[in-house]
Amino acid sequence: MPRSGFHQCAGSLSRGTLAYSPLTRFPYPQALAPSVLPTVSSQHRIGLAPIATPERLLLGPGPSNAHPQVLQALARMPIGHLDPLYLELMVEVQELLRYAWQTDNRLTLPMSGTGSAAMEAAIANMIEPGDRVVVAVNGYFGLRLADMAGRYGADVITIERPWGEAFSLEEIKAALEAHHPTLLAIVHAETSTGICQPLEGIGDLCRAHDALLLVDTVTSLGAVPLFLDDWKIDLAYSCSQKGLSCPPGLGPFSMGPRAEQKLASRKGKVPNWYLDVSLLNNYWGSDRVYHHTAPVNMNYGMREALRLLAEEGLEQAWGRHRSNAEQLWNGLERLGLQLLVPEPLRLPTLTTVRIPAGVDGKAFSRHLLDQFGIEVGGGLGVLAGKVWRIGLMGYNSTPANVDRLLNLLESELPAFQPTVPAAVAA
Ligand SMILES: Cc1ncc(COP(=O)(O)O)c(C=O)c1O
């Protein structure tokens with residue numbers, strides 16, 4: 001039997017039945033004659049069926065389902081990463097990322113890696129040992145930013161709000177006045193809580209206090225209103241697998257002129273070769289110098305995802321996410337479920353629902369996955385076991401998906417509830 005869980009395909013080969021020629025029959029040059037090589041072990045040579053993935057509707061915190069046209073783009077034959085046609089595609093991807101972020105930033109490109117790679121790029125390029133950095137922490141990803149900044153030698157100061165609450169401009173101002181940081185980092189869309197941090201005004205405060213503003217837009221890009229230049233955001237990063245309807249693998253990144261200046265005036269090298277933006281710009285800018293082999297197919301997918309977003313239009317995409325989220329919120333409340341975040345601060349892409357008292361939240365999400373192929377997420381950090389996280393992101397933000405989930409909650413949840421009605425978990 002094949003060992004993989006992806007075993008729907010017939011015709012698997014099991015160990016010992018592989019129909020390959022013995023390696024000793026290959027025509028080795030004399031110097032590499034098999035007699036001088038160790039015997040090849042077949043211990044790890046497992047026999048597998050070709051991959052077959054299950055049908056899933058991903059309504060969790062990400063990844064979300066990719067758009068079918070993005071999948072078609074990904075499946076195309078790679079071309080060289082210095083092929084003139086690929087270089088054209090790079091320009092298109094950069095231009096459409098600028099549209100998605102509403103920025104003119106020259107240094108706008110997809111990092112090879114997931115959102116965390118783009119997060120690390122922002123930190124690694126900006127921070128020099130001893131720089132004071134204020135990180136606004138009201139959830140799991142603020143904590144990750146603080147951790148990363150510390151690893152690059154920053155003098156990290158965190159300001160904190162309870163998970164599920166946002167920062168006020170007064171709190172940001174007080175932190176800038178008290179700590180005089182070179183950089184303030186904040187998460188726009190905190191996927192661990194479902195809060196959307198209002199950003200208007202923070203950029204002005206940062207400029208008034210000579211601090212750079214770094215914003216995590218992993219769960220907002222393409223889905224929630226976002227204006228990098230108008231809101232005076234100096235650095236931003238995101239991911240491919242949420243609002244952009246791509247699989248995970250690329251981390252869009254953008255750096256504005258003030259951040260570029262800080263990069264140019266660094267005393268030492270960026271302590272991360274792979275993510276050094278000045279090296280990367282030798283490839284993404286006009287010089288076209290090889291840095292690393294670009295994940296060509298991921299960028300095919302990114303181009304298609306961004307093309308689809310531009311075709312729909314940002315206002316329409318934002319409006320679609322908003323109206324589908326409202327349909328979900330109304331439906332959840334009709335079912336008697338409680339939402340963690342109050343309405344004005346709720347993220348359209350990620351809704352946190354309190355697990356009713358007495359319900360085993362994990363068992364219920366497992367039931368949805370096993371019986372209906374639907375993934376919803378559990379809580380992270382202090383919210384572990386207390387909330388479900390429902391994502392409506394990119395291609396998956398549709399009225400039909402909302403209806404499907406609400407219908408299942410109505411029909412399936414009662415069996416998981418205690419027979420005696422209990423209060424909702426605190
Ligand atoms: C707000 C936020 N920041 C950063 C990340 C890290 O991105 P990735 O998991 O793609 O590395 C995530 C992942 O979900 C996120 O939600």
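1. Axes here are lines fitted to C-alpha atoms, for helices over the stretch in contact, and angles run from 0 to 180 degrees between N-to-C directions. The model is predicted: local features need pLDDT of at least 70 and side-chain atom pairs count only at pLDDT 80 or more, while totals for chains, interfaces and linings use all residues. Residue numbers start from 1 along each chain as its sequence is written. Helices (H or I, at least four residues) and strands (E, at least two) are DSSP runs numbered from the N terminus.

2. Helix H2 (residues 84-101) packs against helix H9 (residues 296-312) at an angle of about 45°, and their axes are 9 Å apart. H2 and H9 are therefore oblique to each other (under 35 degrees is roughly parallel, over 145 roughly antiparallel, 65 to 115 roughly perpendicular, the rest oblique). Their crossing is left-handed (near helix turned anticlockwise from the far one by less than a right angle; clockwise is right-handed). On the H2 side the contact (C-beta atoms, placed from the backbone, within 7 Å) is made by Tyr86, Leu89, Glu92, Val93, Leu96, Leu97, Tyr99 and Ala100. H9 contributes Val296, Asn299, Met302, Arg303, Leu306, Arg307, Leu309 and Ala310. By class, the contact of H2 with H9 has 12 nonpolar, 1 polar and 3 charged residues (Ala, Val, Leu, Ile, Met, Phe, Trp, Tyr, Cys and Pro are nonpolar, Asp, Glu, Lys and Arg charged, the others, Gly among them, polar).

3. Helix H10 (residues 314-334) and helix H12 (residues 399-412) have axes that come within 9 Å and cross at roughly 15°. That makes H10 roughly parallel to H12. The crossing of H10 and H12 is right-handed. Asn324, Gln327, Leu328 and Gly331 of H10 meet Pro399, Val402 and Leu406 of H12. The residues of this contact of H10 with H12 are 4 nonpolar and 3 polar, with no charged ones.

4. Met119, Glu120 and Ile123 in H3 meet Leu145, Met148 and Ala149 in H4. The contact of H3 with H4 has 5 nonpolar residues, no polar ones and 1 charged.

5. Seven-stranded sheet. The order of this open sheet of 7 strands is E2-E10-E9-E8-E5-E3-E4, with mixed pairing (strands pair if DSSP finds at least two bridges between them). Strand E2 (107-112) and strand E4 (155-160) stand at the edges with a single partner strand each, so one side of each has no neighbour in the sheet. From one strand to the next the twist averages 20°. E2 and strand E10 (residues 250-255) run antiparallel and are joined by 6 bridges; Thr108 stands opposite Ser254 in E10.

6. Three-stranded sheet. An open sheet of 3 strands runs in the order E11-E14-E13 with antiparallel pairing. Strand E11 (350-354) and strand E13 (377-378) stand at its edges, each with a single partner strand, so one side of each is left without a neighbour in the sheet. E11 is joined by 5 bridges to strand E14 (residues 387-391), and the two run antiparallel. Thr352 stands opposite Arg389 in E14.

7. Backbone points to check. Most residues other than glycine have a negative phi, and most peptide bonds are trans. Gly62 and Pro63 are joined by a cis peptide bond, with omega about 5°. Pro63 is found in the loop between strand E1 (57-58) and helix H1 (68-74). His180, a residue other than glycine, has a positive phi, near 45°. His180 lies in the loop between helix H5 (169-179) and strand E5 (183-187).

Definitions and conventions:
Two residues are in contact if their C-beta atoms, placed from the backbone, lie within 7 Å.
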